[in-house]
Amino acid sequence: MAEIRFEGAGVTVGERTILAPTDLVLRERRIAVIGGNGSGKSTLARLINGLVEPSVGHVLVDGLDTVRQGALVRRTVGFCFTDPSAQLVMPTCVEDVELSLRERIRDRTERRAAALATLARYGLEDRADVSVHALSGGQRQLLALAGVLAVEPDVLVADEPTTLLDLANTRRTGDLLLSLPQQLVLVTHDLDLAARCDRVLVVEDARIRYDGPAAEAVADYVGSIAEGSRER
Ligand SMILES: Nc1ncnc2c1ncn2[C@@H]1O[C@H](COP(=O)(O)OP(=O)(O)OP(=O)(O)O)[C@@H](O)[C@H]1O
C-alpha cells in the first residue's frame, strides 16, 4: 500500500478554516471518510492528489509532495468524482477510456484493444460505441471508474461515488470499490459501506473528530448526531 501522509496540512479560504491543520498517516487498504455536509471531507480527499493545495503544512504520497510533485502524485493517485459527468468528456465510452490511456499507450490499435479490455472488466463491453450520454447513472459511474482505473493508479480517491446511484447500483459500485486491489480512500455518506472499510475518519467542523476501526468510528458518528439533535 502507498503511504499517504498529512504533515500539519490545513486549508483556509480567507478567514475561514476549511480543514484545520491535520497530521495523519494512512497505510490501510480501505479508508472511509464520513461526516456531515460541509464538514471538510471533500477537501481532505482533494488534498491527497493535489486538487486542493494545503494553505499550511504538506501532504505526501509515498514521499512525493502533492504541490511540488503534483504530476507524479496524480499518476499514483486516481480521483473519482461524485458526478461522473465531471470526468466523461469524449463522445463514446471506448473513446473516453482511450483518452485516459493516451500517455501510456501511444499505438492507436493497442490503445483501442486496451480500452475495450478495460470496458469488459467493468461489464461495459457492449457499450463501447455508445454515447456516454446514453448510459444509465450506474453505467456512467462505472465508466468513470473504468477510465480512472485503466491507468492502474496505486491509490483511488473516490468522493461520494455512490451518492447519485440507486440502491442496486450503490451496492454494485460499493462492492466493486471495496474489492479493488488499489488502496481506496472513500468519502461516503453510506455508513454500511464505511463499516466495511479497515479504518474510518469522522470529520466534523473542519477537524478529524474520530479516527479508528470502522465499527467504533461509525458508532461515534451516529452518537454525535444523536447528541446534536438532543441539544437542538
Ligand atoms: N474554495 C472554497 N472556497 C470557499 N469555501 C469553500 C471552498 N471549498 C470548500 N469550501 C467550504 O468548506 C466547507 C467544507 O467543504 P467540503 O466540500 O470539504 O465539505 P464536505 O464535507 O465534502 O461536504 P458534503 O458532504 O456536503 O460534500 C463547506 O462549507 C464548503 O462550502
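## Helix α1

Helix α1 is mostly covered, with eight of its eight residues buried. The buried residues are Lys41, Ser42, Thr43, Leu44, Ala45, Arg46, Leu47 and Ile48. Glycine 50 follows α1. The phi of glycine 50 is positive, near 80°.

This is a predicted model. The mean pLDDT of the chain is 94. Of its residues, 99% reach 70 or more. The model scores ipTM 0.95 and pTM 0.93.

## The open antiparallel sheet

Four strands form an open sheet. Their order is β2-β1-β4-β5, and the pairing is antiparallel. Strands β2 (16-26) and β5 (64-65) stand at the edges. Each has a single partner strand, so one side of each is left without a neighbour in the sheet.

Strand β1 covers residues 4-13, and strand β4 covers residues 56-61. Five bridges join β1 to β4, and the two run antiparallel. In general, strands of a sheet pair through backbone hydrogen bonds, either parallel or antiparallel.

Strand β8 spans residues 183-187. Is β8 enclosed or open to the outside? Five of its five residues are buried, so β8 is largely enclosed by the rest of the structure. Gln183, Val185 and Val187 point one way from the strand. Leu184 and Leu186 point the other way. All of them are buried.

Which strands pair with β8 in the parallel sense? Strand β3 (residues 30-35) is joined to β8 by four bridges, and the two run parallel. Strand β7 (residues 155-159) pairs with β8 over five bridges, also in the parallel sense. Leucine 186 of β8 can be traced to both partners. Alanine 32 stands opposite leucine 186. Alanine 158 stands opposite leucine 186 too. From β7 the chain crosses through helix α6 (residues 167-179) to β8, and this β-α-β crossover is right-handed.

## An exposed loop residue

Alanine 86 is found in the loop between β6 (77-80) and α3 (93-101). Is alanine 86 buried or exposed? Alanine 86 has 11 other C-beta atoms within 10 Å. A residue counts as exposed with 12 or fewer, so alanine 86 is exposed. The C-alpha atoms of alanine 86 and leucine 145 are separated by 12 Å. Along the chain, these two residues are 59 residues apart.

## The annotated region

An unreviewed UniProt entry carries the annotation "domain: ABC transporter" for residues 4-230. Over residues 4-230 the chain is 38% helix and 27% strand. The end C-alpha atoms of this stretch are 37 Å apart.

Conventions: Residues numbered from 1 in each chain as written. Predicted model: local features only at pLDDT ≥ 70, side-chain atom pairs only at ≥ 80, totals over all residues. Pairing = 2+ DSSP bridges. pLDDT = per-residue confidence, 0-100. Buried ≥ 20, exposed ≤ 12 C-beta atoms within 10 Å, placed from the backbone. Right-handed = clockwise from strand over helix to strand, strands pointing away. UniProt positions renumbered as here; feature names shortened; annotations may be inferred.
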